[in-house]
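Colleague: I would like to learn how to read packed helices and open sheets in a model. Can we take them one at a time?

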Amino acid sequence: MKINIQKNKFLKAIENNLKIVDHASMTIELRCLLFDVRLNKIIIKSSNGEISIQNEYELDGINNKADSTGVFLVSAKQIKGVLNRTDENVEITVVKGNIKISSNSYISDFATIDSTNFPDINFTLSSNYFKLGSHDFFKALKNVGYIALNNPSREEIALNVVRIDCKDKKLEFLSSDRKRIAHETIDIDYDHVFDLSFHYKTLKDLLSLNYEKEINFYPGSFEAKILTGKMVVTAKIVTLATINLSQNNPFTQEFHSFIKIDKSELLDLIDKVTVFTDSMTKKIRLKTSRKNNEAFLKLETYIDDAGNSEASTNNIIFEGPEFTALYNANYVKEAMSPFGETVHLFFAPNNGPLMIRSDEYPTNKQLIASIKDH
């Protein structure tokens, strides 16, 4: 079997397939790309066991063509490395367990791998799907999923997921580690009800891929599928109980104090007072006061053998009773990442949780539990 391709176009076609390959896998097939050659296209498949991709490379019969059909499996790392060294016009010859890749100035040949045990993945798409913009969908996954991505739990898988609920023509994204909750919604034109959860490793792979402007999303009981252009992505679903706000929604509790502040100024204050604190905990005390009809927000930290650090600002809008509360500085900084220039801070009574929102991005809200001050 002889195939002619254009290198740069071909590398772009297999780019997403390469991103999910697990080069450290003990299963050799998961370190490979499967090529199913037809006369009018090449179907490319890859999988890491949790997420799988099928893509297509068109054969125009001129610069991109095949003289026959066939299937072969090769090391992903090897074929990428070889193609990076070739000229633009490449000829691939596959004969009896061997592959030869050649161009005007470069030739390489190596063995193919038996494709018998390559995972049998079902890429067939059902009629149950909805359309939405890829930017909005993956932005919501990132803005909520950072909790699982940044601090995966070793003890509880349920804390390492992002949950997606669909009802009333809305997608609701949720993630929590019991110390904080991230939540975002997207309006969609889809009447069905479902809920599913992605493990943080699957989420990481999904966020790494390149997508067209619009995607089709296919929910399922054990896996979800995404169609974008000619690429089909299938991702396994975590089938266990995860966070659910339908019974007890902490975002609806009473918040008695409110602060509006520039995001950059709050981040600067946090950095100033946490420069000597432990990188993992970074406890900060937020304290408000009023003097001569002017409101102040003070941030304080204290660490043994280092003393006290504090910084304050009066560049705020403050409503409600004065308060003092202690929070994890890293959590506050991470929670503000989805928002634009201004953030709204809502404080629950009795040293309760902090909710962060923004008028610029009203579909996202973040909740952070306070730290008990001993």
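Modeller: Start with a cut-off for helix pairs. Angles over 145 degrees between N-to-C directions count as roughly antiparallel, and angles under 35 degrees as roughly parallel. Keep in mind that this is a predicted model.

Colleague: At what angle do helix 6 and helix 7 pack, and how far apart are their axes?

Modeller: Helix 6 covers residues 263–273 and helix 7 covers residues 329–336. The angle is about 160 degrees, and the axes are 11 Å apart. Helix 6 and helix 7 are therefore roughly antiparallel to each other.

Colleague: Is the crossing of helix 6 and helix 7 left-handed or right-handed?

Modeller: Left-handed, for helix 6 with helix 7. Helix 6 brings Lys 263, Leu 266, Leu 267, Ile 270 and Asp 271 to the contact. Helix 7 answers with Ala 329, Val 332, Lys 333 and Met 336.

Colleague: Now another pair. How do helix 4 and helix 5 cross?

Modeller: Helix 4 is residues 134–150, and helix 5 is residues 200–208. Their axes come within 10 Å and cross at roughly 145 degrees. The crossing of helix 4 and helix 5 is left-handed.

Colleague: Which residues make the contact between helix 4 and helix 5?

Modeller: From helix 4, they are Phe 138, Leu 141, Lys 142, Gly 145, Ala 148 and Leu 149. From helix 5, they are Tyr 200, Leu 203, Lys 204, Leu 206 and Leu 207. By class, the contact of helix 4 with helix 5 has eight nonpolar residues, one polar and two charged.

Colleague: On to sheets. What holds strands together?

Modeller: Strands of a sheet pair through backbone hydrogen bonds, and the pairing is either parallel or antiparallel.

Colleague: Which strand order does the open sheet of four strands have?

Modeller: The order is 21-20-19-23, and the pairing is antiparallel. Strand 21 and strand 23 (324–328) stand at the edges with a single partner strand each, so one side of each has no neighbour in the sheet. On average, neighbouring strands of this sheet are turned by 25 degrees against each other, direction ignored.

Colleague: Which helices pack on this sheet?

Modeller: Helix 6 does, touching strand 19, strand 20 and strand 21. The direction of helix 6 makes about 165 degrees with that of strand 21. Helix 7 packs on the sheet too, touching strand 19 and strand 23. The direction of helix 7 makes about 80 degrees with that of strand 23.

Colleague: How many bridges join strand 19 to strand 20?

Modeller: Seven bridges join strand 19 (residues 283–291) to strand 20 (residues 294–303). Lys 287 has Lys 298 in strand 20 as its bridge partner. Strand 19 and strand 20 form a hairpin with two residues between them. In the turn, Asn 292 has a positive phi of about 55 degrees.

Colleague: And how many join strand 20 to strand 21?

Modeller: Seven bridges, with strand 20 and strand 21 (residues 307–313) running antiparallel. Glu 300 is paired with Glu 310 of strand 21. Thr 301 has Ser 309 of strand 21 as its bridge partner.

Colleague: Which order does the open sheet of five strands have?

Modeller: The order is 5-1-7-8-9, again with antiparallel pairing. Strand 5 (65–66) and strand 9 (107–111) are the edge strands, and each pairs on one side only. Helix 3 (residues 76–83) packs on the sheet, touching strand 1, strand 7, strand 8 (98–102) and strand 9. The direction of helix 3 makes about 170 degrees with that of strand 9.

Colleague: How many bridges join strand 1 to strand 7?

Modeller: Five bridges join strand 1 (residues 2–6) to strand 7 (residues 89–95), and the two run antiparallel. Asn 4 stands opposite Glu 91 of strand 7.

Colleague: Which domain does UniProt list for residues 1–120?

Modeller: The unreviewed UniProt entry lists "DNA polymerase III beta sliding clamp N-terminal" for residues 1–120. In the model, that span is 18% helix and 42% strand. The end C-alpha atoms of residues 1–120 lie 24 Å apart.

Conventions
Residues numbered from 1 in each chain as written. Predicted model: local features only at pLDDT ≥ 70, side-chain atom pairs only at ≥ 80, totals over all residues. Heavy atoms only, no water. Pairing = 2+ DSSP bridges. Contact = heavy atoms within 4.5 Å. Axes fitted to C-alpha atoms, helices over the stretch in contact; angles between N-to-C directions. UniProt positions renumbered as here; feature names shortened; annotations may be inferred. Parallel < 35°, antiparallel > 145°, perpendicular 65-115°, else oblique. Left-handed = near helix turned anticlockwise from the far one by under 90°. Nonpolar A, V, L, I, M, F, W, Y, C, P; charged D, E, K, R; others polar.
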